[in-house]
Amino acid sequence: AVHGMLEWSARHGWRPPPQELSAELLRRERLGPTEDAVERSAAMVSAWLDSELCAELRDSEARVHPEMPFLLPAGGSIVRGTIDVLADTERGPLVIDYKTDSLTEAPDELIDRYAVQREIYALAASAGAATSVRTAYAFLDDGGGVVASEFGREELEAARAHVDELVAGVGDGRFEVTASPHWALCNDCPARERLCSHPKELTGRKLP
């Protein structure tokens, strides 16, 4: 529901979405709209609209493309996806991804969970031409914030090699256990409890 609200906002100069629209989006997700859902979703929308990065986009009148679909050739296959917002800025492409996770960790600790997704988005946004792509993950729940990073030419080349390897591995049926288990990577893995070869002390550790 929050993604729908922010999609509307991006298409309307980053204005807050009308209450009627927010209520309808919550109803579609079977969330009422209850008082708690209304307040929580409104707080998430405000967290983004009040952020410095959103102000940068608004003030610069950067061209934004909400819900931008992409097809990325990788590892002999095609990765298909949608970017929440792709913005054309003076500094080059900017990928924005909204996260509505209930935060039990600081955003800086959570961001490793999305490392491969960030690589895929950066490669899709570069379209083989851009030499630099920024990615920004906006954690919108209470206490969240925007975690931004930049992929230069070397980082994009490394991302290309990594994504190609991962996709080719899936195609070949290779699903090796990670050599570096940690909480951000392993916490929601369905194999963690019974099938994983690593002890829970390693799959539950937090990297420095």
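Close-up 1. Partly exposed describes a residue whose relative accessible area lies between the buried class, under 20%, and the exposed class, over 50%, computed with a 1.4 Å probe on protein chains only. In this predicted model, Cys189 has 36% relative accessibility and therefore counts as partly exposed. Cys196, at 27% relative accessibility, counts as partly exposed as well.

**Close-up 2. Cysteine sulfurs around Cys186.** The structure holds zero disulfides, and Cys189 accordingly takes part in none, the nearest cysteine sulfur being that of Cys186, 6.6 Å away. For Cys196, the closest cysteine sulfur is likewise in Cys186, and because the separation is 6.2 Å, the two sulfurs are too far apart for a bond; the cut-off for a disulfide is a pair of cysteine sulfur atoms within 2.5 Å.

**Close-up 3. Helix α3 along its length and around its axis.** Helix α3, formed by residues 35-49, contains 15 residues and spans 21 Å between its first and last C-alpha, close to the 21 Å expected at 1.5 Å a residue. Its buried residues are Ala37, Ser41, Met44, Val45, Trp48 and Leu49. Viewed down the axis of α3, these buried residues fall within an arc of 135°, so they line one face of the helix. An α-helix has 3.6 residues a turn, so residues three or four places apart point the same way. Glu35 and Asp36, on the other side of α3, are exposed.

How values were computed: Residues are numbered from 1 along each chain as its sequence is written. This is a predicted model: local features need pLDDT of at least 70, side-chain atom pairs count only at pLDDT 80 or more; totals for chains, interfaces and linings use all residues. Side-chain values use heavy atoms; hydrogens and water are left out. Helices (H or I, at least four residues) and strands (E, at least two) are DSSP runs, numbered from the N terminus. The expected span of a helix is 1.5 Å times one less than its number of residues. The arc is that of the directions from the helix axis to the C-beta atoms.
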